[in-house]
Amino acid sequence: MLSPSLDLQDMIYTRLTTDPNVTWPVFDRAPPQQPMPFIDFGIEDVVEDDDECITGTNHQFQINLYNSQNGMADLKQMMGIVKDSLHNFPGELTDNALHSIRFIRSNVLQEPDGINYHGVVQFEALIESNIS
């Protein structure tokens with residue numbers, strides 16, 4: 001039985017790798033020296049969200065996007081595509097139930113090298129645990 005967190009990650013990975021608008025490689029963790037652009041999973045914060053007879057969790061997670069293009073325009077385009085792909089996505093989990101997934105915020109950061117950019121798109125997902 002998959003934990004709610006891993007179940008959610010599997011669903012997101014499948015969504016991003018099958019969405020025809022997402023044309024960049026997607027990684028759990030990108031390998032060293034991975035050519036840009038690419039996407040990988042960022043940090044996740046999980047808190048209890050039980051309600052009466054329901055065992056639930058609230059997952060706030062981020063998707064990282066990396067781009068080496070001159071300027072931020074291409075990265076912002078990538079971020080919008082990821083937001084559109086996941087915001088209110090009615091996906092199904094394997095062992096748990098997704099109640100909602102929604103966009104929270106996004107940030108654009110310049111990497112320490114002063115050349116590349118890193119985009120962060122944050123989401124919140126509410127999951128009912130182990131319903132099968």
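**Close-up views of a predicted model**

**View 1. Serine 85 sits in helix H2.** Helices (H or I, at least four residues) and strands (E, at least two) are DSSP runs, numbered from the N terminus. The model is predicted: local features need pLDDT of at least 70, side-chain atom pairs count only at pLDDT 80 or more, and totals for chains, interfaces and linings use all residues. Residues are numbered from 1 along each chain as its sequence is written, and side-chain values use heavy atoms, with hydrogens and water left out. Serine 85 has a relative accessible area of 2%, so this residue is buried. Buried means under 20% relative accessible area, exposed over 50%, and partly exposed in between (1.4 Å probe, protein chains only). Not counting residues up to four places away in sequence, serine 85 touches Arg15, Leu16, Asp19 and Val22. Contact here means heavy atoms within 4.5 Å.

**View 2. Helices H1 and H2 cross at roughly 120 degrees, and their axes come within 10 Å.** That angle makes H1 oblique to H2. The axes are lines fitted to C-alpha atoms, for helices over the stretch in contact, and angles run from 0 to 180 degrees between N-to-C directions. Angles under 35 degrees count as roughly parallel, over 145 as roughly antiparallel, 65 to 115 as roughly perpendicular and the rest as oblique. The crossing of H1 and H2 is right-handed, a term used if the near helix is turned clockwise from the far one by less than a right angle. H1 contributes Ile12, Arg15 and Leu16 to the contact, and H2 contributes Val82, Ser85 and Leu86.

**View 3. The largest nonpolar core has 27 residues.** A nonpolar core is a set of buried Ala, Val, Leu, Ile, Met, Phe, Trp, Tyr and Cys residues joined through side-chain atoms within 4.5 Å. Ile12, Leu16, Ile39, Ile63 and Leu65 touch the most other members. At least two residues of this core come from each of helix H1 (4-18), strand S2 (38-48), strand S3 (56-67), helix H2 (73-86), strand S4 (97-110) and strand S5 (117-128). H2 supplies the largest share, six residues. Leaving out residues up to four places away in sequence, isoleucine 12 touches Phe41, Phe61, Ile63 and Leu86. In soluble globular proteins, nonpolar side chains tend to be buried together.

**View 4. Isoleucine 63 lies in strand S3.** Its relative accessible area is 0%, so isoleucine 63 is buried. Apart from neighbours within four places in sequence, the contacts of isoleucine 63 include Ile12, Leu16, Ile39, Val82, Leu86 and Val121. Glycine 119 is also in contact with isoleucine 63. The two residues are 56 residues apart along the chain, and their C-alpha atoms are separated by 8.2 Å.

**View 5. Proline 37 and glutamine 33 are in the loop between S1 and S2.** Strand S1 spans 26-27. The peptide bond from methionine 36 to proline 37 is cis, with omega near 5 degrees. Glutamine 33 has phi near 65 degrees, a positive value in a residue other than glycine. With a relative accessible area of 78%, glutamine 33 is exposed.

**View 6. Asparagine 88 is in the loop between H2 and S4.** Phi of asparagine 88 is near 60 degrees, a positive value in a residue other than glycine. Asparagine 88 counts as exposed because its relative accessibility is 53%.
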